[in-house]
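Hi,

Here is the structure I promised to pass on.

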Amino acid sequence: MSQELNATRQYLERHHGGDGKKAADRTVTTHERNHDNEFMAFWHAHLPSSEQLHIADLGCGPALFLRDLAKEHPDYRLSGVEIAPYMLERIEALPANLDIRVADLNAPGEQLFAPHSLDVCLANQLIHELHQPLMLFRAIRHWLKPGGVLILTDMVRQPIRPWLEHKFPDTDFASATLSAAVMHDSFRDYFEHNRYTADDLCEMLELCGLQVVDRVSLRSGRASRIAARNPQP
Ligand SMILES: C[S@@+](CC[C@H](N)C(=O)[O-])C[C@H]1O[C@@H](n2cnc3c(N)ncnc32)[C@H](O)[C@@H]1O
């Protein structure tokens, strides 16, 4: 295994709270919320109209969404990309139209998918887990067919005060005894989950040559859902 892949795995395990099994359980529990009716309406609104799509779920976790798609659409070709061993372990026997690729999406080689081979890329709660998303956005532009679409959902940056009040209720920061270890860890966690505004995400997508075609605010502005297309020449 490459040193970079290993370093990303270690980073992610800490980001996921230090307990891979719990993190995988949480992904199963939040599956429905991450793929609720609003998500499905947005998904169908932007899905290219063809019976034979090639769809890649980037950061697919236990691949539950792909499994549902595989059952419903035997003519789709489906690929999941994942790096965390505790997520990969949870992926059950694969249907014939689904494959899983192990790769680090921080800097995915463009060869992970053939150029202009994908109709749809999905990045559901992935982007905030990357060190930077530019290299992935650029690769997605390379993988998508002209007219192909990226659907992205993620948390977006929040002001710090409501977060502090939620995390440390009833705390008078001027006088309370504070643990340095707890404060360091809490702020690390804050910055790992509050990286970009929705505008930042759209601008990075546009800088990489993708065209933002839709964007909705979710969870009282704490998350955003974006559709971006690889423009037709
Ligand atoms: C919050 S989970 C979301 C899982 C799934 N997309 C969903 O919506 O239920 C993010 C997933 O992205 C994966 N991930 C994070 N960074 C990654 C990277 N650099 N390369 C590949 N996968 C990554 C994590 O291991 C995790 O399974």
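This is a predicted model: local features need pLDDT of at least 70, side-chain atom pairs count only at pLDDT 80 or more; totals for chains, interfaces and linings use all residues.

Let's start with aspartate 104. You'll find it in the loop that runs between β3 (98-102) and β4 (118-124). Aspartate 104 is buried, yet it has no salt bridge. Arginine 9 has the nearest side chain of opposite charge, and that is 8.8 Å away; a salt bridge would need the nitrogen and the carboxyl oxygen within 4 Å of each other.

So what does the side chain of aspartate 104 make a polar contact with? One partner is the side chain of threonine 8, at 2.5 Å. Another is the side chain of asparagine 106, at 2.9 Å. If you skip the neighbours within four places in sequence, aspartate 104 is in contact with Glu4, Leu5, Thr8 and Ile83.

Now for helix α2, which covers residues 20-29. Gly20, Ala23 and Ala24 are buried there. Looking down the axis of α2, you'd see its buried residues fall within an arc of 100°, so they line one face of the helix. The general rule behind this sort of pattern is that an α-helix has 3.6 residues a turn, so residues three or four places apart point the same way.

What covers that buried side? Among the elements over the buried residues of α2 are α1 (3-15) and α6 (85-88). On the face turned away from the buried side, α2 carries the exposed residues Lys21, Lys22 and Thr29.

Cheers

Note on methods:
Residues are numbered from 1 along each chain as its sequence is written. Side-chain values use heavy atoms; hydrogens and water are left out. Helices (H or I, at least four residues) and strands (E, at least two) are DSSP runs, numbered from the N terminus. Buried means under 20% relative accessible area, exposed over 50%, partly exposed in between (1.4 Å probe, protein chains only). Lys and Arg count as positive and Asp and Glu as negative; His and the chain ends are not counted. A polar contact is a pair of N or O atoms within 3.5 Å; within protein, one must be able to donate a hydrogen and the other to accept it, and residues adjacent in sequence count only if both atoms are side-chain atoms. Contact means heavy atoms within 4.5 Å. The arc is that of the directions from the helix axis to the C-beta atoms.
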